[in-house]
Amino acid sequence: LAQAQDPVFSQFYAAPLQFNPAFAGTTLAPRINLNYRNQWMAVDQQGYQTFAASYEQSIERLNSGFGITIMADDAASGTYKTNFVNLVYGYKLRIQDDWHIKFGMEAGLIQTALDWDRLVFGDQIDPISGFNDPSGNPILSQEQQPVNLNNTVFDVGAGILVYNNNFYAGLSVKHLNTPDQNLLNVNENLNVGLPMRITVQSGVEITLERGNNREEGSFISPNIMLIRQGDFGQINAGAYLSFGKFFGGMWYRHAWSNPDAGIGLVGFKQGILRIGYSYDFTISSLQSSPAGGTGGTHEVSITINLDDSRSLKRKQYKSRYQDCFKMFR
């Protein structure tokens with residue numbers, strides 16, 4: 001029985017709530033993240049497209065952050081669609097000197113939908129005439145259509161972050177209740193729920209040039225992320241570099257059993273707006289397959305961070321912005 005797997009953004013820093021709900025409220029003012037991922041464009045039926053959006057707001061007097069995340073995943077040009085929506089809450093505690101710990105929770109819904117008419121089964125293919133019979137008529141399948149082609153289930157997750165001025169480490173677990181998003185009736189003794197997704201991430205922030213309330217500084221942030229979901233897993237390691245109004249990065253992603261991709265990032269930020277583009281270059285055996293490779297993966301992110309408005313620059317510089325989350329802002 002095949003296991004489902006969540007879409008994963010290469011620009012994880014620009015979709016923090018999609019990885020760990022404890023990131024909720026790491027800015028003073030509201031922040032909006034928009035993400036688009038087009039994976040394996042050269043694959044027949046255009047592979048996978050993923051859209052995501054999130055909003056978060058910190059409430060300092062409550063040491064809390066609140067947010068909402070939305071994600072839509074489209075496989076094979078709309079054949080199979082999955083939509084996620086979650087409400088997110090994070091709570092911050094100071095544990096010692098400049099060390100803090102944040103707890104996060106999320107709860108929401110997952111909706112799956114199948115376009116049955118787009119599917120092609122083995123009994124619809126004639127070895128001589130293809131998809132049509134000798135008279136030119138389309139061959140109909142004898143497969144029975146499921147009663148329900150849509151399914152909506154409840155989903156919960158949690159996470160934790162520990163950080164200080166220069167270091168962060170986090171752990172999150174999504175789908176704690178392993179929701180059953182199947183559209184088919186299967187053996188009740190089988191575990192058919194969506195597997196829990198466990199994410200461990202860590203990084204450091206090294207200041208290269210200090211900024212002030214008028215000019216951006218420069219820093220480099222080496223980081224690593226491990227993800228495990230069912231039988232699938234990946235390790236993502238690399239570094240993010242910010243220099244003035246520009247930023248970039250390089251990462252290497254390794255699947256459990258084989259090299260997967262190299263990731264390159266370039267971006268620009270001005271005021272409250274940040275735009276990033278990344279490309280995943282496939283280095284696994286898929287790139288040299290007879291089908292002609294995957295075409296790589298394109299990803300675009302847009303962040304609107306009202307913390308970067310002029311009215312808040314001075315407050316940022318003097319207050320709590322002595323932490324390691326500049327890469328995520």
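Me: How do I read a nonpolar core, and which residues have the most contacts inside the largest one here?

Reply: A core of this kind is a set of buried Ala, Val, Leu, Ile, Met, Phe, Trp, Tyr and Cys residues joined through side-chain atoms within 4.5 Å. Buried means under 20% relative accessible area, exposed over 50%, and partly exposed in between (1.4 Å probe, protein chains only). In this chain the largest nonpolar core has 33 residues, and Phe12, Tyr13, Tyr168, Tyr240, Phe325, Met327 and Phe328 have the most contacts inside it. Before going on, note that this is a predicted model, in which local features need pLDDT of at least 70 and side-chain atom pairs count only at pLDDT 80 or more, while totals for chains, interfaces and linings use all residues. Residues are numbered from 1 along each chain as its sequence is written, and side-chain values use heavy atoms, with hydrogens and water left out.

Me: Which strands each supply at least two residues of this core?

Reply: Helices (H or I, at least four residues) and strands (E, at least two) are DSSP runs, numbered from the N terminus. The strands that each give at least two residues to the core are E4, E6 (150-163), E10 (218-229), E12 (246-255) and E13 (259-270). For the whole chain, the count is one helix and 15 strands, and 44% of the 329 residues are buried.

Me: What does Tyr240 touch, leaving out residues up to four places away in sequence?

Reply: Contact is a simple distance test: heavy atoms within 4.5 Å. On that basis, the partners of Tyr240 include Tyr13, Phe219, Asn223, Trp251 and Met327. Across the chain, 57% of the contacts with a separation of 6 or more join residues 24 or more positions apart.

Me: Is Asn223 buried or exposed?

Reply: Asn223 sits in strand E10 and is buried, because its relative accessible area is 6%. Beyond four places in sequence, its contacts include Phe12, Tyr168, Ser202, Tyr240 and Met327.

Me: What is joined to the side chain of Asn223 by a polar contact of 2.8 Å?

Reply: Think of a polar contact as a pair of N or O atoms within 3.5 Å; within protein, one must be able to donate a hydrogen and the other to accept it, and residues adjacent in sequence count only if both atoms are side-chain atoms. The partner at 2.8 Å is the side chain of Trp251. A polar atom of the Asn223 side chain also lies 2.7 Å from the backbone oxygen of Ser221.

Me: Where is Asp97, and is it buried or exposed?

Reply: Asp97 lies in the loop between E4 and strand E5 (99-114). Its relative accessibility is 55%, so Asp97 counts as exposed. Its phi is also positive, near 50°.
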